[in-house]
Amino acid sequence: MSEITVTVKQVLEKKGSVTYSVTPDTSVFDALALMALHDIGAVLVTDTGRMVGIFTERDYARKIVLKGLSSKNVKVGEMMTTSVQTITLADKITHVMSTMTNKRFRHLPVLDDGKVVGIITIGDVVKAVIEEQEATIQHLANYISGEIAT
Ligand code: AMP
């Protein structure tokens, strides 16, 4: 596939920079309620303003449900992934896409100057790819019809 040159910055300019976070002592149940409220699949975990982990629906399915644990008795801090992979505003969507594919996760927080300024999900990536390809098709269609007209 051709390179998707749109950047993380451009995607966030359209999408906005809102991220939802919980603290490590939040119960998994409350984190899931927050995800349901905002129709999202992951929350960032922050402690005194610093990102210390990420918790997603997949963590819930595999580390809680399959182990027969109760989401009300387990804290997010016990089940989150602590080594969070991040991206920057300057990264191209092609890079984001290959990171998600290689590492097998669907959420990448965006850091700027050490601060979280947004999150890119696999849904954002798919949308960016479709938009860029539609723009290319439109460009080619215009070119071809221009050729035919002349
Ligand atoms: P996901 O596909 O995003 O639901 O995540 C699959 C697994 O990868 C879960 O265990 C997540 O906690 C973990 N994960 C998701 N995003 C990241 C990230 N940016 N850095 C590190 N681990 C992640």
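T48 sits in the loop between β2 and β3 (50-56), where helices (H or I, at least four residues) and strands (E, at least two) are DSSP runs numbered from the N terminus. This is a predicted model, in which local features need pLDDT of at least 70, side-chain atom pairs count only at pLDDT 80 or more, and totals for chains, interfaces and linings use all residues. Residues are numbered from 1 along each chain as its sequence is written, and side-chain values use heavy atoms, without hydrogens and water.

Although T48 is not a glycine, its phi is positive, about 40 degrees. With a relative accessible area of 80%, T48 is exposed (buried is under 20%, exposed over 50%, partly exposed in between; 1.4 Å probe, protein chains only). Most residues other than glycine have a negative phi.

D39 also has a positive phi, near 55 degrees. D39 belongs to the loop between α2 (28-38) and β2 (42-47). Its relative accessibility is 71%, so D39 counts as exposed.

Helix α5 spans residues 93-103, and its buried residues are I93, V96, T99 and M100. These lie on the same side of α5 because they cover an arc of only 120 degrees around the axis, taken from the directions from the helix axis to the C-beta atoms. T101 and N102, on the other side of α5, are exposed.

Just after α5, R104 takes a positive phi of about 65 degrees.
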